[in-house]
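Here are my notes on the model, point by point. Have it open while you read.

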Amino acid sequence: MITPEHLRELWGYRSLIVKIAWSDFKLRYKNSVLGFFWTLLEPLLMLLVLYVVFSHLMRVQVEHYQLFLLLGIVLWNFLARGTTMGIFGIIGKPSLVQKVYFPRDVLIISACFTALMMTLLELAVFAVFMIIFKVAPGLTILYSPLIFILLFLIVFGLATGLSALNVYFRDVQFIWNVVLQAGFFATPILYPVTIFPEHLQKIVMLNPIARIISMLRDCILYNTAPQAGDLIYVVIWAGMAVLAGYLIFDRLEPRFAEEI
Amino acid sequence: MTVKVKSLWKTFKIPRERRDTLFENLAGIFRPNQYDALTVLKDINFTAEEGDFIGIIGDNGSGKSTLLKIIANILRPTRGEIEVDGRIASFLELGVGFHPDLTVLENVDVYASVIGLTNREIEDRKEDIVEFAGLRKFEETKLKNLSSGMQVRLAFSTAVQTDPDILLVDEVLAVGDKEFQQKCFDVFNRYKKEGVTTLFVSHDLGAVRRFCDKTLLLRHGEQVAYDETSRVIDRYIYNTELDYTPLEASEEEATASDAMETEDAAIEAVEEKKTRWGNMKLEITGVKFLDKYGKMNNNFISGDPLAVRIFYHSHEKIDSPVFGIVFYCQDTYCYGTTNDFKGFDIGSVYGMGYVDFVIEKLPLLDGRFEVTVAVADSNYKVQYDWHDRLYSFNVQNPTRDLGIFSIDCRWRPAEDG
């Protein structure tokens, strides 16, 4: 559990966390400069397709739709990547789990950090696009790190619980994949939530990820500060995600080395 | 810096049917899975004091590695307690977490972190590690392009940079050549001098004897002994725990049944390959190796007594037959002798009996040795029976001497003047 004692132990392993995260990050890009571009190309191409489809064929009318779309995709990608890499955090490193001791959540944290590094790269590209489209952020952008941290906590909580479950039930990864696919369309990423009638909007916005994406868009693109209610709602979700993740993880963790 | 293990039990639950997925679990919800309990450690109790170098020995499957993993906190005990006081480094395997696509330096960086070095230590020692592994030229080479020998060297030179309070080592020596083993020994010596508490699992009894003050012997998960090393190794090799029926007690039956078996075997053997020949007027009906406790055994320690008991059955009265014995190491003829050469007269034999060939101090070193026994008439003209390399025994060398056998010798300083 997230006791002060456990946090202190994790702090002792901070350099290991960073090193595993960093080497996984490098491996993903195969240590090459070209590798970076290929991986950046993927969301950009996807953006292009979605942009064409939604702005021209479906006629979505949103201010700065390109940036609106790109930010949504980048943020959703972080959720998808962080949780997917987290799921493989334990079963993907059997030798580390079976042959040495360190707190097992080190692997999850570092997986989330790897996802974070990839997302930061994409956010850098997003910043370039903002310049290209001449959109200057207002002061409200200062809220964005805080909101992003909340997103990170939700991703981490999900990854923690799912990774532990996946050690015992190897189809969790496939089930989660389907959930992510559905979530991508159920969350206002491609479209603004306002396309729904009023009562449906309330239901859609129960999804904390939808709120996070909409708050981040507001404060980065539209110079609008987040509502306190929205923030509190997301804080509660982040806390619950981490708590639930650890409840599952702690229950299953003792037999990881035997089950893997 | 101590390790205390108190009434430790470990049971693995092994499902009859493996259910790996949620789907299988849901499908089988009304058909509960059955489990077999496999108890691999039963009531283990010992304490390693600061600076102790402790060996853990036992046959495969006796629970040695599981014990180490529990102490390392990789597995959790089913019952009992482990108290560990100090920083642990565990070498259950070298090069854990090595990635083939990372370069040598990158791998050192990650692996050193995994085994618990701090960032500063890593920065300081990185160069030394690569140098010591002899891989300076390959610093930026991806690990997959190195030979497996180089990889082991790299892992080893990284691993020895840790300065833990408690060291857990599992069969690391099994992977390397002689030179690598020597390097390991040097490091062990260093750790020993530094007073690092070490638990060392090994099949290399020679190494255990050299380094370990105390040794824990496990058999089928039970703690058979925890005592001074030489005593425990004795106990392991000579199996003094097991109730072997002493030969004296049931000699008649044993001899009789052995005779039958040997005879049956002999008939087949003669037909298939020439392992036994002779006119069988005086038959050798069995050969037993006896250890220093007078018990039947096939495992011996160099320098200990060994007796070869040869049972015979003479179908007619024969005067002064000559028994011969030959020792082979692989295909090398090591030593051969007869009672005649040693000036010992058997006298006249008729019916069943035995004769002992006694070695006071076994001079053979490591390995498996084969034995030929034979009997002929007093003029070596008539071969009664010849068992060509039908018997064998194993020898464990407790010293650092190399080779097949040891020579009684010593070193002498130069005389003054």
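1. Start with the overall layout of chain B: the centres of its domain 1 and domain 2, taken over C-alpha atoms, are separated by 44 Å. Domain 1 covers 3-238 and domain 2 covers 251-396, with bounds that come from an automatic or database domain assignment. Keep in mind that this is a predicted model, where local features need pLDDT of at least 70, side-chain atom pairs count only at pLDDT 80 or more, and totals for chains, interfaces and linings use all residues. Residues are numbered from 1 along each chain as its sequence is written, while chains are lettered from A and ligands numbered from 1 in the order in which they are written.

2. Next, some strand pairing in chain B. Strand E8 (residues 214-219) pairs in the parallel sense with strand E3 (residues 53-57), over four bridges, and B:Leu216 in E8(B) stands opposite B:Ile56. E8(B) also pairs with strand E9 (residues 222-228), here in the antiparallel sense and over six bridges; B:Gln223 in E9(B) stands opposite B:Leu218. The E8(B)-E9(B) hairpin has two residues between the strands, and B:His220 takes a positive phi near 50° there. For the terms: helices (H or I, at least four residues) and strands (E, at least two) are DSSP runs, numbered from the N terminus, and two strands pair if DSSP finds at least two bridges between them.

3. Have a look at helix H2 (residues 64-71) of chain B. Seven of its eight residues are buried, so the helix is largely enclosed by the rest of the structure. The buried residues include B:Lys64 and B:Lys69, along with B:Leu67 and B:Ile70. Buried means 20 or more other C-beta atoms within 10 Å of the residue's own, exposed means 12 or fewer, and partly exposed is in between, with C-beta atoms placed from the backbone. After H2(B) comes B:Asn73, with a positive phi near 75°.

4. Which strands form the open sheet E11-E13-E16 of chain B, and in what sense do they pair? Three strands make it up in that order, and the pairing is antiparallel. Strand E11 (282-290) and strand E16 (348-359) are the edge strands, each pairing on one side only. E11(B) and strand E13 (residues 306-319) pair over eight bridges, and B:Ala307 in E13(B) is the bridge partner of B:Leu290.

5. Now the interface: 27 residues of chain B are in contact with 20 residues of chain A, contact meaning C-beta atoms, placed from the backbone, within 7 Å. On the chain B side, helix H1 (22-27) and helix H3 (104-114) each supply at least two residues. H3(B) gives the most, with five residues.

6. Over in chain A, A:His64 sits in the loop between helix H3 (33-57) and helix H4 (65-91). Is A:His64 buried, exposed or partly exposed? Partly exposed, with 17 other C-beta atoms within 10 Å. Leaving aside neighbours within four places in sequence, A:His64 is in contact with A:Phe133, A:Val135 and A:Leu221. A:Lys134 is 70 residues from A:His64 in sequence, yet 10.0 Å away in space, C-alpha to C-alpha.

Terms used:
Two residues are in contact if their C-beta atoms, placed from the backbone, lie within 7 Å.
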